[in-house]
Amino acid sequence: MTTHDNAGRTGPRLRGVLDTLPAYKPGKPAAAGSGAPSYKLSSNENPYPPLPGVLEQVTAAAGSFNRYPDMACSALTAELAERFGVPQEHIATGTGSVGVAQSLLQATAGPGDEVVYAWRSFEAYPIITQISGATSVQVPLLPDESHDLDAMAAAVTDRTRLIFVCNPNNPTGTAVRRDALVRFLDRVPSDVLVVLDEAYKEFVRDEEIPDGVELYRDRPNVAVLRTFSKAYGLAGLRVGFAIAHEPVAEALRKTAVPFGVSQLAQDAAVASLRAEDALLERVEALVGERTRVAGALTAQGWTVPDTQANFVWLRLGARTLEFAEACAAAGVTVRPFAGEGVRVTIGEKEANDLFLEVAAGLV
């Protein structure tokens with residue numbers, strides 16, 4: 001029998017990487033005092049209630065949540081395959097697109113490998129990369145807040161295993177156009193997986209911005225991420241998916257958390273896909289508000305990058321936290337990235353008006 005000296009021990013040995021792991025920072029909830037209205041524009045949530053028919057489906061599913069959900073997400077997979085015209089074997093689901101992204105890293109990258117992405121971009125990328133044991137290679141954005149695809153291609157080495165292209169980019173809202181993206185994909189080695197993260201695809205109105213699904217079809221090293229959290233308004237149910245060629249999709253199914261997508265989420269996602277007319281109407285209204293907010297900010301004197309998402313970005317540098325605090329004091333929370341800027345979700349008209357009122361006084 002082996003004995004152990006526990007003198008000086010304070011608990012289990014945890015991975016040292018956790019000491020340097022950046023924490024994901026969710027958007028703060030709205031909190032105004034004195035009974036005044038308050039609004040949360042910090043999490044890119046959809047301000048509308050569930051689409052028609054969705055709540056009824058979720059309510060019905062709730063009666064059986066003592067049972068495990070369909071682990072294969074069969075009904076949702078079939079619906080997605082038909083919607084996008086892809087084989088069911090090319091669909092993999094997960095707990096939001098970030099859950100699928102983490103599975104992609106588990107399937108492709110580990111210690112000694114590299115993951116390339118623009119910066120600033122989605123704040124989960126460095127976290128999930130570090131958790132996998134791989135090394136982040138962050139490529140600075142161009143002055144117009146867009147991806148520097150030439151620099152990203154030049155950053156690829158024989159250790160590169162995966163590249164994230166967030167399109168439109170979170171938090172700047174800028175998007176890569178078709179010709180530039182195709183040239184980039186042509187430069188990437190065929191054994192490096194390129195992940196087109198299209199969480200905000202439904203809000204794109206620039207016809208020159210490609211649909212990643214069309215690019216994936218004849219490129220085995222391209223995977224597309226989508227989510228039901230944004231346009232579809234299912235952020236609280238955590239369901240996203242990838243469209244990828246079978247070897248990648250199969251790897252995702254192997255690395256996914258078993259039963260990760262609840263039956264409530266699956267049924268809500270199917271019902272949401274079947275409520276497309278209402279979805280398009282709501283998205284169009286949000287795009288209209290986006291245009292109005294961006295135009296008003298520009299008229300006030302702010303520099304606003306061309307956004308194709310459901311938010312706007314203000315590069316504020318050292319003024320970032322001061323700006324966010326002023327917004328919070330007025331009853332509207334925005335998402336600050338200290339020393340860089342703020343991201344402001346397009347919400348209901350009253351929330352947008354309040355934000356614009358605060359911004360006018362801070363130019």
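Predicted model: local features only at pLDDT ≥ 70, side-chain atom pairs only at ≥ 80, totals over all residues.
Is K230 buried or exposed? Its relative accessibility is 16%, so it counts as buried, because the cut-off for buried is under 20%. Now show what surrounds it. Skipping the neighbours within four places in sequence, K230 is in contact with S43, N44, N46, A199, Y200 and F203.

Next stop: V192. Look in the loop between α6 (178-187) and β6 (193-197). V192 has a relative accessible area of 2%, so this one is buried too. Which residues does V192 touch, if you ignore those up to four places away in sequence? Select T160, R161, L162, I163 and N221 to see them. Then try drawing a line from V192 to K254: their C-alpha atoms are 19 Å apart in space, and the two are 62 residues apart in sequence.

Last, color two helices, α3 (residues 96-108) and α4 (residues 124-132). They pack at an angle of about 35 degrees, and their axes lie 9 Å apart. The crossing of α3 past α4 is right-handed. To see who makes the contact, show V98, A101, Q102 and L105 on α3, then A124, I128, T129, I131 and S132 on α4. Sorted by class, that contact has six nonpolar residues, three polar ones and no charged ones.

Key
Residues numbered from 1 in each chain as written. Heavy atoms only, no water. Buried < 20%, exposed > 50% of the residue type's maximum accessible area, 1.4 Å probe, protein only. Contact = heavy atoms within 4.5 Å. Helix = DSSP H or I, 4+ residues; strand = E, 2+ residues; numbered from the N terminus. Axes fitted to C-alpha atoms, helices over the stretch in contact; angles between N-to-C directions. Left-handed = near helix turned anticlockwise from the far one by under 90°. Nonpolar A, V, L, I, M, F, W, Y, C, P; charged D, E, K, R; others polar.
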